[in-house]
Amino acid sequence: MAKKKNKVVNYIVECYDELKNKTSWPTWQELQNSAIVVSIASLIIALAVFLMDISFENLLKLFYNLV
């Protein structure tokens, strides 16, 4: 049991060391730029889905009026 506990503690210590010393974190400016790109892409996708929804709604209304 002690061996297993030692492995878990060692794993946590190694993870912390990797996150602290070996990971490259983005700068604040890079985070802001990424957030803007994601926001704009989300708006474009939402607009495309909205337009498709309106189009299909109108097509189905036309179809049901014919039937």
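Me: Where does F63 sit, and is F63 buried, partly exposed or exposed?
Reply: A residue counts as buried under 20% relative accessible area and as exposed over 50%, with partly exposed in between. In this predicted model, F63 has its place in helix α2, which covers residues 28-66. Because its relative accessibility is 47%, F63 counts as partly exposed.

Me: What nonpolar patch does F63 belong to, and how much accessible area does the patch have?
Reply: The residues that form this patch on the surface are L60, L62, F63, Y64, L66 and V67. Membership in a patch requires over 30% relative accessible area, and F63 has 47%. Taken together, the accessible area of the six named residues comes to about 720 Å².

Me: How many salt bridges does a search of the whole structure find, and which residues form a salt bridge?
Reply: Side chains of opposite charge can pair when their charged atoms come close. The search of the whole structure finds one salt bridge, and the cut-off for such a pair is a nitrogen to oxygen distance within 4 Å. With their closest N and O atoms 3.3 Å apart, the partners are E57 and K61.

Me: What separation along helix α2 do E57 and K61 have, and how accessible are E57 and K61?
Reply: E57 is partly exposed at a relative accessible area of 35%, and K61 is likewise partly exposed, at 46%. Because they lie four residues apart in helix α2, the separation of E57 and K61 is about one helical turn.

Me: Why is the protein described as more spread out than a compact globule, and what is its radius of gyration?
Reply: The secondary structure comprises two helices and zero strands. For 67 residues the globule rule gives 11 Å, and the protein is well over this value, so it is more spread out than a compact globule, with a radius of gyration of 26 Å.

Me: What share of the 67 residues is buried?
Reply: Along the principal axes, the C-alpha atoms fill a box of roughly 75 × 40 × 10 Å. With buried meaning under 20% relative accessible area, the share of buried residues is 0%.

Notes
Residues numbered from 1 in each chain as written. Predicted model: local features only at pLDDT ≥ 70, side-chain atom pairs only at ≥ 80, totals over all residues. Heavy atoms only, no water. Rg over C-alpha atoms; globule rule 2.2 N^0.38 Å. Buried < 20%, exposed > 50% of the residue type's maximum accessible area, 1.4 Å probe, protein only. Patch = residues over 30% accessible without salt bridge, like charges linked within 9 Å, V, L, I, M, F, W, Y side chains within 5 Å. Areas by Shrake-Rupley, 256 points an atom, 1.4 Å probe, with all protein chains shown as cover. Salt bridge = Lys/Arg side-chain N within 4 Å of Asp/Glu carboxyl O.
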